[in-house]
Amino acid sequence: MDRAVIVEENFREKVTTGNLPKGKPPAGPLSKEQAVGLFRAQCLSRALDLTSRVMQKEGKGFYTIGSSGHEGMAAVAEALRPTDPAFLHYRDAGFQIARGAQVPGQNMAWDMLLSFACSSEDPTSGGRHKVLGSKALNIPPQTSTIASHLPKAVGAAYAIGAARRHAPEHREYPEDAIVMCSFGDASANHSTAQGAFNTAGWTSYQSVPLPLLFVCEDNGIGISTKTPKGWIADGFRARPGIKYFHADGLDMFDTYRVAQEAADYVRNRRKPAFLHLRTVRLYGHAGADVATSYLSRAEVEQDEANDPLLHSARLLQEAGALSGDEALSIYEETRARVNRVAAEAATRPHLKTARDVMASIIPPKRDCAPTNGPSDEDRAKAFGADLKAHDTPQPMSRILNWALTDLMLDHGEIVMMGEDVGRKGGVYGVTQKLINRFGSDRMIDTLLDEQSILGLAIGMAQNGFIPMPEIQFLAYLHNAEDQLRGEAATLPFFSRGQFTNPMVVRIAGLGYQKGFGGHFHNDNSVAVLRDIPGLILACPSNGADGARMLRECVRLAREEQRLVVFLEPIALYPMRDLHAAGDGGWMTTYPARDERIGFGEVGVAGEGDDLAIVSFANGYYLSLQAQARLEAEGVKARVIDTRWLSPLPEEGLVDAVAGAKRILVVDETRRTGGVSEALMTLFTERCNVPVSRLAAEDSFIATGPAYGATMPSADSIYEAAKSAVEGKA
């Protein structure tokens with residue numbers, strides 16, 4: 001027999017006969033009225049689980065990982081305020097339902113069943129996924145099953161204190177709010193979660209305000225893998241900087257009392273706490289999961305005997321709040337109501353087209369208060385002696401530093417964070433002096449953990465800041481890329497743009513560093529960034545363009561709420577010369593503050609129609625060297641700087657190559673998965689001229705004299721161009 005049926009029959013029989021599980025008597029501050037309300041939330045959560053299974057069997061529902069056994073989370077919601085942002089575990093329907101009762105005008109059964117049915121009328125995701133989440137309830141939608149939402153919860157908690165000191169225009173959270181994030185005992189082992197715990201403790205240990213409540217829902221198992229007994233308690237009782245609390249999640253009175261104590265500690269002390277909540281898992285992991293295939297029947301039945309609804313019925317009777325008959329009546333009425341509502345929800349419309357599905361990939365624009373920028377006096381104070389050098393040609397690293405200074409003067413909500421960005425001024429000096437100009441609140445030196453750096457940025461963005469996290473090297477992104485793919489980029493998609501996390505991620509990358517670092521510091525793989533829907537990938541080739549593009553990237557984040565990655569070519573940071581030593585051909589002056597390069601605008605050098613060379617970053621620099629040699633031999637070429645690598649500026653590129661007899665794509669990223677694949681496709685489909693390419697090999701990058709051996713050079717570009725013009729390519 002289906003275990004869900006067994007659990008339901010057990011509930012009815014045991015409540016009717018009074019054969020309820022033993023436990024502590026009800027104690028604590030939870031009132032009778034509150035307890036009855038929580039029981040109603042628990043019953044609704046259970047009814048939704050059972051109905052979702054029926055809907056799936058009938059082809060009307062599409063998700064059956066339920067919350068049965070975790071209904072105690074309703075009491076956690078009761079202990080918090082509806083203005084406290086909550087990042088939820090996927091088994092927390094009870095929490096969302098109980099919070100819904102705290103906010104007028106909510107219809108949790110209807111809203112959640114629309115989500116189960118993947119209806120386009122689902123107020124949270126619009127039919128894109130079964131998610132827990134609600135803008136009205138301050139619950140950003142979560143789809144993660146691996147606790148990847150914990151780093152951004154840390155960031156959101158940090159943002160509450162940061163907003164007290166520097167209030168952003170679009171602040172979301174009250175000053176006295178706390179952040180709650182919940183997860184399972186199995187997910188607590190994930191490296192992402194461990195990084196978040198470590199970052200929270202590291203931050204708190206230094207007495208930095210971090211009002212964060214971790215809630216671990218410990219049911220003792222992750223799918224089929226058991227959590228060792230005592231593992232969670234022993235692992236978190238003595239974590240530096242994080243206070244440990246424990247509650248019995250089967251007992252709503254105990255859970256409410258301890259959750260309230262933990263919440264009060266976090267709210268008053270502004271320090272993180274860890275609430276370890278005992279739960280059970282009923283029915284197995286999901287609808288298709290058969291728990292008895294990996295657990296003994298006795299183990300399954302032991303959890304079923306501890307059904308939290310049975311414990312709630314006992315506690316309510318002992319508290320004099322509900323008789324057994326009244327508790328059973330509430331359960332049956334809830335089951336019948338959910339079935340009625342589900343029948344209607346199943347008839348509501350669904351998404352039909354690709355356009356429908358993709359409508360929320362790009363978040364909505366928002367109104368921002370106009371600004372005239374800083375006064376001349378403020379700029380003079382910030383820049384100091386640097387101001388006099390603005391009209392003198394400078395390398396890219398210094399131009400970017402000045403652009404960042406002006407942007408931070410213009411917009412007080414910009415915050416930078418990363419390893420070494422503050423006191424050291426960045427590995428390559430790009431952020432030098434910024435900590436002196438803006439202070440440690442806005443130039444945050446983080447611990448060495450890219451997941452935590454990006455999580456801090458995501459969480460701060462959700463409270464109105466414009467974060468500019470720095471990843472020291474492109475190669476360091478790869479251990480944390482899911483924070484962009486699975487968290488930052490998906491949030492507007494799964495919330496119909498109701499929740500966003502605009503930011504500009506600065507990453508130093510690409511190759512051509514002479515004799516330094518090998519593949520850890522020279523990385524020419526951008527495939528993961530180009531593969532994330534909604535992400536904008538910008539890559540300048542010189543200082544003036546870098547400043548103008550960086551201003552546009554901040555505008556895109558601030559006004560259009562976009563997720564932007566600004567990829568800075570390390571080898572071009574210090575570059576001074578172009579064609580000959582001492583010519584200063586690659587240095588630029590600092591462009592006027594009102595100059596921007598618009599999203600999708602490409603660069604063109606030359607007007608030749610024999611050949612159009614299309615490249616970016618180091619490839620553009622090297623192509624200009626090859627162009628000079630070609631011109632000397634009578635080959636008239638133009639060189640095009642793509643600038644925007646994702647999404648490609650297709651119209652700008654097609655216009656830029658118009659009239660050219662041939663096209664050569666020069667790509668310093670890898671032949672497989674590199675930018676050239678998309679460029680070749682574009683020009684093949686849109687341009688009726690021969691197209692060839694020169695791309696980096698599918699290889700890591702070596703240290704020493706062979707640093708550039710696997711990538712295009714000025715010589716190889718020249719040879720490829722000659723072959724193209726002669727019709728050999």
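Cys 216 has 0% relative accessibility, so it counts as buried. Keep in mind as you look around that this is a predicted model.

- How many disulfides does the structure hold? The count is 0.
- Cys 216 is in no disulfide, and the nearest cysteine sulfur, in Cys 181, sits 10 Å away.
- For Cys 553, the closest cysteine sulfur belongs to Cys 539 and is 11 Å off, which is too far for a bond.
- Cys 553 is buried too, because its relative accessibility is 0%.
- As background, a disulfide is a covalent bond between the sulfur atoms of two cysteines.

**Helix α1, from end to end**

- Helix α1 covers residues 3-17, which makes 15 residues.
- From first C-alpha to last, α1 reaches 21 Å, close to the 21 Å expected at 1.5 Å a residue.
- At the start of α1, Asp 2 puts a side-chain oxygen within 2.9 Å of the backbone nitrogen of Ala 4.
- Several α1 residues are buried, among them Ile 6, Val 7, Phe 11 and Val 15. The buried set also includes charged-type names you can look up, such as Arg 3, Glu 8 and Lys 14.
- What do the buried residues of α1 pack against? Their partners are α2 (32-57), α10 (297-305), α11 (308-318) and α12 (324-345).
- A handy rule for looking at helices: with 3.6 residues a turn, residues three or four places apart point the same way.

**A buried lysine with no salt bridge**

- Where is Lys 130? Look in the loop between α5 (108-116) and β2 (132-134).
- Lys 130 is buried, yet it has no salt bridge. The nearest side chain of opposite charge is that of Asp 49, 6.4 Å away, whereas a salt bridge needs the atoms within 4 Å.
- Leaving aside neighbours within four places in sequence, Lys 130 is in contact with Tyr 63, Ile 65, Tyr 90, Ser 115 and Phe 116.

- Most residues other than glycine have a negative phi, and most peptide bonds are trans.
- Ser 646 and Pro 647 are joined by a cis peptide bond, with omega about -15°. Pro 647 sits in the loop between β19 (644-646) and α24 (650-657).
- Lys 433 has a positive phi, near 70°, and is found in the loop between β10 (414-418) and α16 (434-438).
- Ala 617 also has a positive phi, near 50°, but this residue lies in helix α23 (residues 617-632).

**Salt bridges**

- Side chains of opposite charge can pair when their charged atoms come close.
- The count of salt bridges here comes to 49.
- One of them joins Glu 299 and Lys 226, whose closest N and O atoms are 2.4 Å apart. This pair links distant parts of the chain, since Glu 299 is in helix α10 and Lys 226 in strand β7 (residues 225-226), 73 residues apart.
- Glu 299 is partly exposed at 29% relative accessibility, and Lys 226 is partly exposed at 47%.
- Arg 257 pairs with Glu 261, with closest N and O atoms 3.3 Å apart. Both lie in helix α9 (residues 252-269), 4 residues apart, or about one turn of the helix.
- Asp 386 forms a salt bridge with Arg 398, and their closest N and O atoms are 3.0 Å apart. Asp 386 lies in the loop between α14 (376-383) and α15 (396-410) and Arg 398 in α15, so the pair ties together parts 12 residues apart in sequence.
- Asp 386 is buried, with a relative accessible area of 5%, whereas Arg 398 is partly exposed at 30%.

Key:
Residues are numbered from 1 along each chain as its sequence is written. This is a predicted model: local features need pLDDT of at least 70, side-chain atom pairs count only at pLDDT 80 or more; totals for chains, interfaces and linings use all residues. Side-chain values use heavy atoms; hydrogens and water are left out. A disulfide is a pair of cysteine sulfur atoms within 2.5 Å. Buried means under 20% relative accessible area, exposed over 50%, partly exposed in between (1.4 Å probe, protein chains only). Helices (H or I, at least four residues) and strands (E, at least two) are DSSP runs, numbered from the N terminus. Contact means heavy atoms within 4.5 Å. The expected span of a helix is 1.5 Å times one less than its number of residues. A polar contact is a pair of N or O atoms within 3.5 Å; within protein, one must be able to donate a hydrogen and the other to accept it, and residues adjacent in sequence count only if both atoms are side-chain atoms.
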